[in-house]
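Work through the exercises below with the sequence and the 3D structure at hand. Each task is followed by a solution in steps.

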Amino acid sequence: MDFFRQHILSIVAFWPLAGMFVLLFMNKENKTLIRWWTNLVVFTGFLISLPLWFWFDRESSDKMQFVERFTWIQSLGADFHVGIDGITLLLIMLTTFLGPLAVLSSWSAIENRVKEYYAFMLMLQTGMLGVFISLDFFMFYVFWEVMLVPMYFLIGVWGGPRRLYAAIKFFLYTLVGSVLLLLGILALYFIYPGIAAQHPELVAQFGSAPTFNVLAFHAMAQYLPYNFQWWVFLAFFVGFAIKVPMFPFHTWLPDAHVEAPTAGSVILAGVLLKMGTYGFLRFSIPILPEGTKHFVPMMVALAIIAIVYGALVAMMQPDMKKLVAYSSVSHMGFVMLGMFALNPNGLNGSILQQINHGISTGALFLIVGIIYERRHTREIAQFGGLSTVMPVYATIFLIMTMSSIGLPLLNGFIGEFTIMMGALQVNLWWAVFGGAGIVLGAAYMLWLYQRTMFGKNENPANQNLLDLNARELATLIPLVIVAFWIGLYPAPFFKVLDKPVNKLVETVHPGYFKANAPQAARVVGETR
Amino acid sequence: MGQFFNLQDLGAIAPELELMLFGMILLIADLLVENKKWLGFISLGGIAWSGYFLLRLHGIHVTAYSGLLVIDEFSWFFKLLFLVGAALAIIISLKYLDIEREHHGEYYALILFATMGMMFMAGAMDLITLYISLETMAIATYILVGFLRGNQRSNEASLKYFLLGAFSSGVLLYGMSLLYGIAGSTRFTDIAEALEQRPGSDPISMIALVALCAGLFFKIAAVPFHQWTPDAYEGAPTSITAYMSVAVKAASFAMMVRIFWFAILPLRPHWVLILTVVSILTMSVGNIAAMTQTNIKRLLAYSSISHAGYIMLGLIAGNSTELNPTGVTGIVMYLFVYTFTNIGVWAVVVALRRKDIIGEQVDDLNGLIYKHPTAAVLMLIFLLSLAGMPPTSGFIAKYYLFAGLIESDHSKLAVIAVLNAAVSIYFYLRIVVAMFMKESNEKTGLALSPGIVVALAVALIFTLWIGFYPDPFIHLAREAVFLS
């Protein structure tokens, strides 16, 4: 048990990979065995990640916990260094939670080259977890890139008609961003020794040699020259903004989502996009506070454009999946708006909204995938009145629609409301545009629901559709439960976020809490 | 410095002498041995024996033949690389030559002679030695490129390569003669000293530099002197293409680094300018041209051009008087990594050549995942390594080159370079698409010969080992550039 506790992060991260290696030795004709095995691996993967939630010390949620550190490449100063704080805890739980649902959802959807498919799913799971737990920039970068390959194959082999185009577009966009990110990382790596030489406390803690230690970069943030921060922020921005994706780098997203198999879309929307936002939270903001402050207007402007533009484009989509994909652009705009409000409310809401987006959009992609599996089309015009033949399906769809548009009692409301509070504290207009986004979001989602679920069921192909089976229910019910949990009682989530968020705010605005004492007392988690 | 020829000098060139000896033996044995495969094994034995002598010279730093040659860590490293490259090329030739029905003894002898030339090149500290060893390598390679004598493309490639190669050697020789005129000596050290004394932008040294660069750029296939590469790579027997793309390329770079570092370092501000322009052109033209190729040998030829562009970055990194240690380490590391990864790629291409299938089009790889899953997955790993994706060795190599640029404040060049690296994934992925996402029309199976299996295994082990745990190799590379 002790061993497990000390190495829990590595075990959680590499568990799927170990499962993949076992999978490779299975006979590819034995599809049932492969399916059972993969489901077992990801489900146990979720179970072994649960202790993280219970063992996590909430009193010091801004400190890195479950830290493991070994020398990896000595000549480069790169270590195997993992650890999580409150922000990462939530993202890891999201990843291990969505993984089993995505894998389960592909049970009957994937009939072709089953073994490879599940091998890539497992590899992807390890890649994503690795990104979130890395505290060494070199290691982070390795995971960040590694994860591209399985996703590329998932889209390229098991995707829709334009899969080759979508897959290469996804790969190229992300890669262009990440190589610039690499240059930013290298710039930090080489500037460290010079700064450490002038500040003995850095040397005492992190040594004087060039390092990839993210904590060392956090500590040196206050000494970084403004000009340097400016450039590195720009390099990081390209890398992370493409991943989020922020306007105008979002064009790969609809293509990738529409062509990807359902499980691929769930993972893509649920987790992969969060890597971009996580990058801003973990690296851009705390390491480059001055640069961050300088670029706030640009970031917010892009976020607002994404909110409004994404919503408008979503409204006009004839294809259900594309609609949900564009709604992602809009929702991620919200996340970025809250984040760059750079106050406790905005950041809390932004992080919670990332989780919410994973839950609701993941569920919506599953819902679209279920109907696609039955009808082999996603065109909205093909459907209508489905609630008569698929009542359970229609109910869950309704719940998730409501969650997505931010109806109170459901998760989306909490996230959006907190973000709006944060935005309002900074600038009324930010909140006005954000509000417009919420209204538009309600419009396109409700319109989608109305066109597909209500009305008369006239299309003969839709007369005899089967309602959800047990397996499909099993993929959706957990999402519904979590949506209600966050909607009704979000305090446990805010509790792990409070301290890391306050620390972020303090980094960017030193003395924020002294200056805004009355406001600071109303930190969201405690009031609610 | 030993003033006279003595036994020690012979000891210093023992590895080269072994290769020459075995080359001679092979020529004679060719008359006696019926099954030519045995000649391949004899040549491998020769390489092994030469390698044994080389290993004994490890860590020894001597000057031989009164300063014509130097045995140092740099040359030691490259000699090892040439031997490995030659051995792997011979291993993948064994079956291939049978299929092409051109199995002759002189093939192996020529590879040994070319390798011997390369080994002298790496150690040359004198223009004459350098030039003679360069020609030894080049002439053997011209013949090898045209080795499929019944094949029109092979003959054409050989002739083109020979004509352009001879011309560029002439240009190079012109530059060398000017250097001799400046220094009154052919020794690198004397040349460096003499250039030190010259005024900043002395026209004579500029002409010498330009001629020298033109000749060297041809040898490493840098834009705008690259046109021979696709033709020669396409026409040559695939096993020789593999050999050229690793060993000949590495030797040319060893020569280039040697000259730029030891002979004309005083001209650094000028040649950095030239190299910067040429490197940007080489990366971009190589990558862009590779995108539209349908022949896999041509595609890889253009990819090798762009790799030459990256490697040059290692020479650019640094300030106005000195090279950047990270950058030079990057060159050595890159060539080391490139050798194994590239041999892996070419081994798969060689395996595609079957009884009556040419197997040179990208389409010939269609559906490889169904025909031979292992080959497809290995090819994927090698291609990702060429593209510089972690956690393969290619990433570590690119990392060093880019790090050298960032460390010495060449940020703009670094941005251009990384964008090129990112774009290059496009054409590597075209091969991946063919292998994994397309169905094949012809159903001829694919069987890997034992030689190919060995080469693939070696390539895979090093590609992943350097990718996951590069420490020992980084030490080796740093040692080669006198950093430890």
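**Exercise 1: a loop in chain B**

Ser66(B) sits in the loop that runs between strands E1 and E2 of chain B; strands (E, at least two residues) and helices (H or I, at least four) are DSSP runs, numbered from the N terminus. This is a predicted model, in which local features need pLDDT of at least 70, side-chain atom pairs count only at pLDDT 80 or more, and totals for chains, interfaces and linings use all residues. Residues are numbered from 1 along each chain as its sequence is written, and chains are lettered from A and ligands numbered from 1 in the order in which they are written.

Task: Is Ser66(B) buried, partly exposed or exposed?

Solution.
- Step 1. A residue is buried if 20 or more other C-beta atoms (placed from the backbone) lie within 10 Å of its own, exposed if 12 or fewer, and partly exposed in between.
- Step 2. Ser66(B) has 14 other C-beta atoms within 10 Å, so Ser66(B) is partly exposed.
- Step 3. Tyr65(B), in the loop between E1 (62-64) and E2 (69-71), has 20 and is therefore buried.
- Step 4. Phi is positive in both non-glycine residues: near 40° for Ser66(B) and near 50° for Tyr65(B).

**Exercise 2: cis peptide bonds**

Task: Where is Pro224(B) found, and which residue does a cis peptide bond join to Pro224(B)?

Solution.
- Step 1. Pro224(B) belongs to the loop between helix H9 (203-220) and helix H10 (228-235) of chain B.
- Step 2. Its cis partner is Val223(B), with omega about 5°.
- Step 3. Another cis peptide bond, with omega about 0°, links Pro390(B) and Pro391(B).
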